[in-house]
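Please examine the sequence and the three-dimensional model shown below.

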Amino acid sequence: MLKSLKHILSNLPSEDSNDYRSENRALFSKLDKTCIVIDDDPTGNQTVYGIPLLTEWSMDVFIKEFIEGTPVFYVLTNSRSLTPEGTSKIYEEIAQNILKASKVTQRKFTIVSRSDSTLRGHFPLEPETLQKYLNLNEAITVFIPVMFEGNRVTVEDVHYIKNGDDLTPVNETPFAQDHSFKYSNANLKAYIAEKTNGDIQISDVFSFSLEEIRQLDVNVLAENILEIPANSYCIFNSLNYSDLDKVSQALLRAEALGKPIVYRTSSSFVPSYIGLEPRGLLTSKDVFSEHNTNGGLTIVGSYVKKSSEQLSNALSIFQKESIVEVDVSQVLSTEYESHLNDLILRIDTHISQGMDVIVYTSRKLITGNSQNDTVDIAIKISNALVTLVRGISIRPKYIIAKGGITSHDLATKGLGMKRSKVLGQVQPGIPLWEMGEDTHFPRLPYIVFPGNVGDADTLKTIITKLKHHVQ
């Protein structure tokens, strides 16, 4: 049921005008902890910059980051594409290795389980596994799924997608029908009760209203957080960063007074919590750190409707010979090696000639006779794209990877990424990474383009922006 934002705002007190973000930076630094963001999808760093991204989670990897005093880093698990069993195993391993590394280095940490702003993901499995294996037995779980860059807000305990003045509850969007993470409730208290199968009752979930957040002193908010019983869930309403920055400060103050917290959030929380100064979109001059006259490479693997619309519009700016379609029927046949080798040769040839190349999987969705068969088909398609990236020998000017699973697999399996850095965003919600030195193409600009972000022209806009860079 649509709601009017203007109507809601007319009944709310004005937002707090204090600059909590800069204070948060000082408070986070004073905590002297490393904030570890365990991310279930490679797109979750779409609101930050200058932060390392790791695709490995051994104890030695964590020890190295702790010894260096890295204030914040992301661990990219891609667990949203995994089964609950696979996810549980990975999160247990990550938690145990963090705990061991913390004991060896005597470095403290804060844990954030980052997931989707439209409530898809392994919940409550991921935060509960982290809490259990990190021995955070007295912790509360703070649930904040807002992502303002994608117009996801929480008002009156209900999570909405904002479109102009209209607020649509997320359970009334296609996201709620996701085949792996279907849900019925946009009210976050009811969502938690639903996802815990009633183990947590609606009445057991604590929440802070916008009225409380905007009117109460931040120290009073912190005191109220301190009083929340161990192992409880708590949600915070937020319409914008002004609300969230104040919430983050109250949480930081509660942590400083000894309150153990496990965070389950979407993308907007991390910059607010660590006090990261807002920064504008990257320009093409920011993207390219070295001279490269080769063409760029865009790879579209996502099949969601928005991705197909963006692909269709982007194709108009490419020369016909630099449009490369991966025929899924051939990928699934015995002739797949020959087909992929031909495509690799075409990609290398055109990139070396300075032509931008776009690669996409044929748009007809092919499914199997069972869910397992369909998953196997998706894996084969993803592996085909990985083979293309691994096979090209000419360094492209950049790579744009369209789709969450696509971008993860191309980075880790195609380019061999173990550690990289997010530099910022090229468009709202679309991060750009700089590949690490140990990858197939060191320092390559790599753009992670989520399947459901942007409008119909966003992909075309980014490619045009990068094409017109003056060396």
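**Nonpolar cores**

The model is a predicted one. In soluble globular proteins, nonpolar side chains tend to be buried together. In this model, the largest nonpolar core contains 96 residues, and those that touch the most other members are Phe-236, Leu-251, Trp-433 and Tyr-446. Helix α9, which spans residues 241-256, gives the most to this core, with six residues. There is also a second, separate core of 23 residues; Phe-66, Ile-111, Ala-139 and Val-262 are among them.

**Helix α12**

Helix α12 covers residues 305-314, and its buried residues are Ser-307, Gln-310, Leu-311 and Ala-314. Seen down the axis of α12, these buried residues fall within an arc of 100°, so they line one face of the helix. The elements that cover the buried residues of α12 include the strands β13 (297-300), β15 (357-361), β16 (399-402) and β19 (445-449), together with helix α17 (458-467).

**A buried and an exposed residue**

The table gives their relative accessible areas.

| Residue | Relative accessible area | State |
|---|---|---|
| Ser-407 | 0% | buried |
| Lys-89 | 61% | exposed |

Ser-407 is found in helix α16, residues 404-414. Ser-407 counts as buried because its relative accessible area, 0%, is under 20%. Leaving aside residues up to four places away in sequence, Ser-407 touches Pro-42, Ala-401, Tyr-446 and Val-448.

Lys-89 lies in helix α4, residues 84-105. Lys-89 counts as exposed because its relative accessible area, 61%, is over 50%. Although Lys-89 and Thr-129 are 40 residues apart along the chain, their C-alpha atoms are separated by 9.1 Å.

**Cavities**

How many cavities of 30 Å³ or more does the structure hold? There are two cavities of this kind, and the largest cavity has about 70 Å³ of space. The residues that line the largest cavity include Ser-115, Asp-116, Leu-119, Arg-120 and Phe-123, as well as Phe-143, Ile-144, Pro-145 and Tyr-191. Arg-264, Thr-265 and Ser-266 also belong to this lining. Strands β6 (140-144) and β12 (261-265) each supply at least two residues of the lining. By class, the lining of the largest cavity consists of six nonpolar, three polar and three charged residues.

Note on methods
Residues are numbered from 1 along each chain as its sequence is written. This is a predicted model: local features need pLDDT of at least 70, side-chain atom pairs count only at pLDDT 80 or more; totals for chains, interfaces and linings use all residues. Side-chain values use heavy atoms; hydrogens and water are left out. On a 1 Å grid over the protein atoms alone, a cavity is a set of points where a 1.4 Å probe fits but cannot get out, and a pocket is an open set with protein on both sides within 12 Å along at least five of seven lines; lining residues have an atom within 4 Å of a point. Grid points are joined across faces, edges and corners, and a volume is the space filled by probe spheres set on the points. Helices (H or I, at least four residues) and strands (E, at least two) are DSSP runs, numbered from the N terminus. Ala, Val, Leu, Ile, Met, Phe, Trp, Tyr, Cys and Pro count as nonpolar, Asp, Glu, Lys and Arg as charged, and the others, Gly among them, as polar. A nonpolar core is a set of buried Ala, Val, Leu, Ile, Met, Phe, Trp, Tyr and Cys residues joined through side-chain atoms within 4.5 Å. Buried means under 20% relative accessible area, exposed over 50%, partly exposed in between (1.4 Å probe, protein chains only). The arc is that of the directions from the helix axis to the C-beta atoms. Contact means heavy atoms within 4.5 Å.
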